[in-house]
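Hi,

Here is the structure I promised to pass on. Have a look at it first, and then read my notes below.

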Amino acid sequence: MSNLRIFAVNQKKISSLHYFNNMCSSKIRASLKRLKLHVLLGRNYSSLPGLIGNDIKSLHSIINPPIAKIRNIGIMAHIDAGKTTTTERILYYSGYTRSLGDVDDGDTVTDFMAQERERGITIQSAAVTFDWKGYRINLIDTPGHVDFTLEVERCLRVLDGAVAVFDASAGVEAQTLTVWRQADKHKVPRICFLNKMDKIGASFNYAVESIREKLKAKPLLLQLPVGEGKAFKGVVDVVRTEKLLWNPNSDDGKDFERKPLLEMSDPKLLKEATEARNALIEQVADLDDEFADLVLGEFSENFDLLPAEKLQTAIHRVTLAQTAVPVLCGSALKNKGVQPLLDAITMYLPSPEERNYEFLQWYKGDLCALAFKVLHDKQRGPLVFMRIYSGMLKPQTAIHNINGNCTERVSRLLLPFADQHIEIPLLTAGNIALTVGLKHTATGDTIVSSRSSALAASRRAKREGEKKQKENNEAERLLLAGVEIPEPVFFCTIEPPSMAKQPDLDHALKCLQREDPSLKVKLDPDSGQNTAFCEILK
């Protein structure tokens, strides 16, 4: 079974005090020592969340920032659109890695499996936690290949927003349609990033038109490219009427300048940006009544006087309502346009408290979480990715699994950083983390604080259903909301090399079924042998 997947990664354990020695004040270091934080490192990372530079406010803000400052997002696209490369640039510019990873070199953070690095594709989703300008971003890099659609499905279930990456030379592709429909099903707000603007044949207008025609979406052009193909050198910020040009001599893309567009120096660009800004204002006003009243009341004579902050707030509301999608452009491989994308993620995509989850009203602040992914580690056993919707989760506390109707104990909580993890003392609503010690929890299971809490929530849901004249099973479905598993399309027979290996095979298949709900195993009654038939979506 080792040829099917390799999940475990050998890691070196280094004490947190040694790691933070040159970063934290003595007060913070003392707090970290009391909480016994541990950092598991295999690759050189520059810092941990909340510890970039000297801007350290409190230990609580490092581990659990304010919910309004949290962004749970995913990167989704067709294969080879540049998702993993974009993720690598995001990690580098946020200060988490000291060098730029490359898919072709096999040294990316999120593609850490041997099979992923060998093939240069993303097979399983990987979670990364980092900070950007005071915001905590939990980012999940998802596969783009059609064979791994379920990985995208179960990640979108727990995300508050998504970045759809497009190849600017190809526009909307086959798998783009699939992941877009998945995001529609889970009502995930998203923004579009037209990648590979430096590629020969790249066309900004063609890509935007394909979004409009094939996805039936309303694109909001927040940027215009400065050149296309080999001539691409920067972007125009339509909202602020500025141009951002990257230094061609810079190796990592950190060196760029932002300049206002002036009539004397850039008459053509200024005209295009002004026309695009006026069109953007009219488009947003048609979609947002509050913004329309503002525009018609105070700025009807001259749109140029409209503050950029007012327009950005309106774009945020429109994005949250999913009536339109902001569009940005750049080239991740050439290190251009990624920093403005990060700004757009924090500015336009929603925080957890801005998403409306109907089932939260039934829990009244008690713990409600969803296990959306399971990994197996040789040293620590099953690692369960958990999204906390309400309440709080601490290590060494008992939790109740509604789907499995069992009670388990969480031994440790870990903050995910691809194949590296940081132990944390608690997890609050809106966050994503790994739990250690859950022996029976599987993908799609709903986790609550206790059995009595689940019963109380069920009674509230039933009363609410009766008021609205809904059927009882609808409330129950929402309580146990998980991942919809497509029917399998591939079948194979697996048997051990000898009967002595049968228990090992059974254990391996059981572990894989917990990780991958699309894998179904049954014994063939006709053969009379200990043979397993595996129905595998992948």
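Let's start with two helices that cross: helix 4 (residues 83–93) and helix 12 (residues 338–348). This is a predicted model, by the way, so keep that in mind as you read. The axes of the two helices come within 10 Å and cross at roughly 85 degrees. Angles of 65 to 115 degrees count as roughly perpendicular, so that is the word for helix 4 and helix 12.

Which residues meet where these helices cross? On the helix 4 side they are Thr86, Arg89, Ile90 and Tyr93, and on the helix 12 side Val338, Gln339, Leu341 and Leu342.

Pick out Gln339 next, as it sits in helix 12. Is Gln339 buried or exposed? Its relative accessible area is 6%, and anything under 20% counts as buried, so Gln339 is buried. Setting aside neighbours within four places in sequence, Gln339 is in contact with Tyr93, Trp132, Trp246, Gly253, Lys254 and Phe256. For Gly253 there is a distance to look at too: a polar atom of the Gln339 side chain lies 3.0 Å from the backbone oxygen of Gly253.

What does strand 6 pair with? One partner is strand 3 (residues 70–77), which runs parallel to strand 6 and is joined by 5 bridges; in this pair, Ile73 stands opposite Gly161. Another is strand 7 (residues 190–195), also parallel, with 6 bridges to strand 6. There, Phe166 stands opposite Leu194.

Last, go to strand 22 (residues 432–436), where 5 of the 5 residues are buried. Both of its faces are covered, with Ile432, Leu434 and Val436 on one side and Ala433 and Thr435 on the other. Strand 22 is joined by 5 bridges to strand 15 (residues 381–390), and these two run antiparallel. To find the pairing on screen, look for Arg387, which stands opposite Ile432.

Cheers

Methods:
Residues are numbered from 1 along each chain as its sequence is written. This is a predicted model: local features need pLDDT of at least 70, side-chain atom pairs count only at pLDDT 80 or more; totals for chains, interfaces and linings use all residues. Side-chain values use heavy atoms; hydrogens and water are left out. Helices (H or I, at least four residues) and strands (E, at least two) are DSSP runs, numbered from the N terminus. Buried means under 20% relative accessible area, exposed over 50%, partly exposed in between (1.4 Å probe, protein chains only). A polar contact is a pair of N or O atoms within 3.5 Å; within protein, one must be able to donate a hydrogen and the other to accept it, and residues adjacent in sequence count only if both atoms are side-chain atoms. Contact means heavy atoms within 4.5 Å. Two strands pair if DSSP finds at least two bridges between them. Axes are lines fitted to C-alpha atoms, for helices over the stretch in contact, and angles run from 0 to 180 degrees between N-to-C directions. Angles under 35 degrees count as roughly parallel, over 145 as roughly antiparallel, 65 to 115 as roughly perpendicular and the rest as oblique.
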